Amino acid sequence: MSADSLRHRCLSLASRARRHVLGACLTLLLALLAMPAHGQGAPQAIGTDGTLTIEVRKGQVIRLPQPAATVFVADPEIADVQAQSPSIVYLFGRRAGSTSLYAVDENDQILLRTMVKVEHNLSGLRQAIDQLAPGNRVRASSMDGSIVLDGTVDTPVQALELRDLGERF
């Protein structure tokens, strides 16, 4: 094999190696561009068949993976939704129950489909119970849109006060 032939073969191999390395770099670059930017994190509740739980009179910000053309809830008496921008949605719990939340882009592709479960503000209720009846043995839970108080108190008056308190929540 002549020196020219050997040099031509080495150049051909180097050229193919550069094309493979360039192709691998391009694939890696495209994969990195498809990932969310650092600090953005994964959008909340994006996808299908998930459940998002919020409390009555509380809200949650949801970041969509791309701009939405339409955002809506199936039952606006349970939860309210407001688009702060095409890709940021604010969800607000109105009353206990469950509904569905959807976001659709301009091509009618579903960006978000999730069940929204709105629960009573039980943490606030528990604090109020502790203030009204210190040392109580009462549990508060949410069941089928109602608040259930279960346990014992020291007096019948405390029981009536706690029942009235539960009704306000």
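**Exercise 1.** In which order do the three strands of the open sheet stand, and is the pairing parallel or antiparallel?

*Solution.* The model is predicted, so local features need pLDDT of at least 70 and side-chain atom pairs count only at pLDDT 80 or more, while totals for chains, interfaces and linings use all residues. Residues are numbered from 1 along each chain as its sequence is written, and side-chain values use heavy atoms, with hydrogens and water left out.

Step 1. Strands are DSSP runs of E with at least two residues, helices are runs of H or I with at least four, and both are numbered from the N terminus. Two strands pair if DSSP finds at least two bridges between them.

Step 2. The order is β2-β5-β4, and the pairing is antiparallel.

Step 3. β2 (59-63) and β4 (79-85) each have a single partner strand, so one side of each is left without a neighbour in the sheet.

Step 4. Between β2 and β5 (residues 88-93) there are five bridges. Arg63 stands opposite Ile88 in β5.

**Exercise 2.** Which residues touch the most other members of the largest nonpolar core?

*Solution.* Step 1. A nonpolar core is a set of buried Ala, Val, Leu, Ile, Met, Phe, Trp, Tyr and Cys residues joined through side-chain atoms within 4.5 Å. Buried means under 20% relative accessible area, exposed over 50%, and partly exposed in between (1.4 Å probe, protein chains only).

Step 2. The core has 18 residues, and those that touch the most other members are Ile62, Leu64, Leu91, Leu101 and Val118.

Step 3. Two or more residues come from each of β1 (47-55), β4, β5, β6 (97-104) and β7 (110-119). β7 gives the most, with four residues.

Step 4. Contact means heavy atoms within 4.5 Å. Not counting residues up to four places away in sequence, Leu91 touches residues including Leu52, Ile54, Val73 and Val116.

Step 5. A second, separate core has nine residues, among them Leu122, Leu125, Ala133 and Val138.

**Exercise 3.** Where is Ser98 placed, and why does Ser98 count as partly exposed?

*Solution.* Step 1. Ser98 lies in strand β6.

Step 2. Ser98 counts as partly exposed because its relative accessibility is 45%.

Step 3. Leaving aside neighbours within four places in sequence, Ser98 is in contact with Ile78, Met115, Val116 and Lys117.

Step 4. Ala74 is 24 residues from Ser98 in sequence, and the C-alpha to C-alpha distance between them is 9.4 Å.
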